[in-house]
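Biologist: I would like to learn how to read a model of this kind. Please take one feature at a time.

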Amino acid sequence: MTAVQVPGAPVISDGQLISTSPATGAEAGRLPVATAEEVQRAVDRARTAGQWWAGLGFDGRRTRLLRWRALLAQRIEELAELLHVEGGKPVGDAVVEILTAIEHIDWAARNARRVLGPRRVRSRLILAEFSGHLEYQPHGVVGVIGPWNYPVFTPVGSAAYALAAGNAVVLKPSEYTPVAGQWLVDAFAEVVPEQPVFTAVHGLGDVGAALCRSGVDKVAFTGSTATARAVMAACAESLTPVLLEAGGKDAMIVDADADLDAAADACVWGALTNAGQTCIGIERVYAVAPVYDEFVARVVARAERLTVGADSADLGPITMPSQLDVIRRHIDEAIAAGGRAVLGGPAAVQPPYVHPTVLVDVPESASAIREETFGPTVTISRVADADEAVRRANALPYGLGGSVFGRRDAVAIARRLRSGMASVNSALTFAGMSTLPFGGVGDSGFGRIHGEDGLREFGRAKSVTRRRARSLLPSMTFERTPTDVARLVKVAKALYGRR
């Protein structure tokens, strides 16, 4: 292909990856496509750089990461405009995304030593003559494969934590938003010019596959469930550990004692922000019968006020043009199966845009309920009670996030959701809380970014024992005597023999 065919679709021409706006077709930038050999060289360079970076220690890395954070904050308008041009994201949404990423850089930099640094671990009586020590050492080089829907927040959620842990990072941004990924790398190089600690390689899926097979020490991937399986299969060839944040079909539950205004506001935001292109977006709602009609009315009243367009609108274009076909199919099939569009509907799909669509009476077997839509649509279903809502919410293989609105039982309901995360009386808020881990279960992947668990994902636990006295109960030696064994039996019965 030598010319741009569809606005927003990546094109390779003369060895360059050309990125364009999905709204206008304007070129956002072009970057060299990496061959498999070039990916390997990038990883080899990163390995040397990573040794230098690890040698800076926690304090040295903290200083550099906080400078990177400051640079992003100082240039937030510039980066937000780039996200708007390249991905179509409204500038306001882009600012929120970048601000959240900045918060994660700050927390990871400030807390890496406390979470990962060397510390003494208490020993037990049976080995009282030894002291225990634990630390988390960097893996070496971490490959990060990022998505297009949040091209700053999501890769930073892995990269910042990996860097704080002492690893070098090679980023493969989505081919739909490569310029944003390169911007992050270039900004980091301004504060860490000595070594290629954080670099990027660009191209289509084959470049991501090459990164998986390049000898990196861990891969952190965010994207669809299907691609997550392919990444895991490629990494399995070399037993490279993976962290996978895959698809979602998150549900909101609205109980009888919910604040309906707050629930409707959160539903509209959770379902329609970023034009619905959010892995933790609210795609299904289960509202109990006593509040169902009023809740639907309040959601529609808010959603129908939203504007759609290229500039200064609430909702921008669909970033990946092929996703329009998925959104259209889900709406059409839902209505064919007996569902109704109380807002939007088939006519809402107006490429490259999709207008807000609220679907009701959709059977649970419909693709709009069971498959990830990734567009500004939401289904709202009537249920008898919270128990039915939980059963339906948990019926799918996905398990990323979720939301519950209510008063008396909301927290208990949230705990019953089969998901890695849940918000009570809010939506999506766990993504911005840097102190909490982020990740899913089932078809939504495994492993965690963010928080203490996120830092530990990018370090190898190293356990060390140190003898500090003579063994009173020698066991791990051929010099032990029958008397020693008898004493061990006596101690075992005394310590552990009581029920």
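**Pockets, strands and single residues**

Modeller: The largest pocket holds about 700 Å³ of space. Closest to its centre, among the 35 residues that line the largest pocket, are W148, F221, G223, S224 and T227. The model is predicted, so local features need pLDDT of at least 70 and side-chain atom pairs count only at pLDDT 80 or more, while totals for chains, interfaces and linings use all residues. Residues are numbered from 1 along each chain as its sequence is written, and side-chain values use heavy atoms, with hydrogens and water left out.

Biologist: What counts as a pocket?

Modeller: Rolling a probe the size of a water molecule over the atoms shows where empty space is left. On a 1 Å grid over the protein atoms alone, a pocket is an open set of points where a 1.4 Å probe fits, with protein on both sides within 12 Å along at least five of seven lines; lining residues have an atom within 4 Å of a point. Grid points are joined across faces, edges and corners, and the volume is the space filled by probe spheres set on the points.

Biologist: Which elements supply at least two residues of the lining of the largest pocket?

Modeller: They are α7 (205-212), β9 (218-222), α8 (225-236) and α11 (323-336). Such helices (H or I, at least four residues) and strands (E, at least two) are DSSP runs, numbered from the N terminus. By class, the lining of the largest pocket has 17 nonpolar, 12 polar and six charged residues. Here Ala, Val, Leu, Ile, Met, Phe, Trp, Tyr, Cys and Pro count as nonpolar, Asp, Glu, Lys and Arg as charged, and the others, Gly among them, as polar.

Biologist: What is the volume of the second largest pocket?

Modeller: The second largest pocket has about 320 Å³. Its lining has 19 residues, with V96, T100, Y150, L428 and A431 nearest the centre. The helix α4 gives the most to this lining, with four residues. Nine nonpolar, six polar and four charged residues make up the lining of the second largest pocket.

Biologist: How should I read a sheet?

Modeller: Start with the pairing: two strands pair if DSSP finds at least two bridges between them. This model has an open sheet of six strands in the order β8-β7-β6-β9-β10-β20, with mixed pairing. The edge strands, β8 and β20, each pair on one side only.

Biologist: Why is strand β7 described as largely enclosed?

Modeller: Buried means under 20% relative accessible area, exposed over 50%, and partly exposed in between, with a 1.4 Å probe and protein chains only. In β7 (residues 168-172), five of the five residues are buried, so the rest of the structure largely encloses this strand. A168, V170 and K172 are buried on one side of β7, and V169 and L171 on the other.

Biologist: How many bridges join β6 to β7?

Modeller: Five bridges join β6 (residues 141-145) to β7, and the two run parallel. V142 stands opposite V169 in β7. From β6 the chain goes through α5 to β7 in a right-handed β-α-β crossover. Right-handed means that, with the strands pointing away from the viewer, the path from the first strand over the helix to the second runs clockwise.

Biologist: What joins β7 to β8?

Modeller: Three bridges do, and these strands run parallel. L171 stands opposite A200 in β8. The chain passes from β7 through helix α6 (residues 178-191) to β8, again as a right-handed β-α-β crossover.

Biologist: Where are hairpins found?

Modeller: One hairpin is formed by β1 and β2, with two residues between them, and D14 in the turn has a positive phi of about 55°. Three bridges join β1 (residues 11-13) to β2, which run antiparallel. Another hairpin is formed by β2 and β3, with six residues between them; G25 in its turn has a positive phi of about 80°.

Biologist: Where does S426 lie?

Modeller: S426 is in the loop between β19 (423-424) and β20 (445-446). At 18% relative accessibility, S426 counts as buried.
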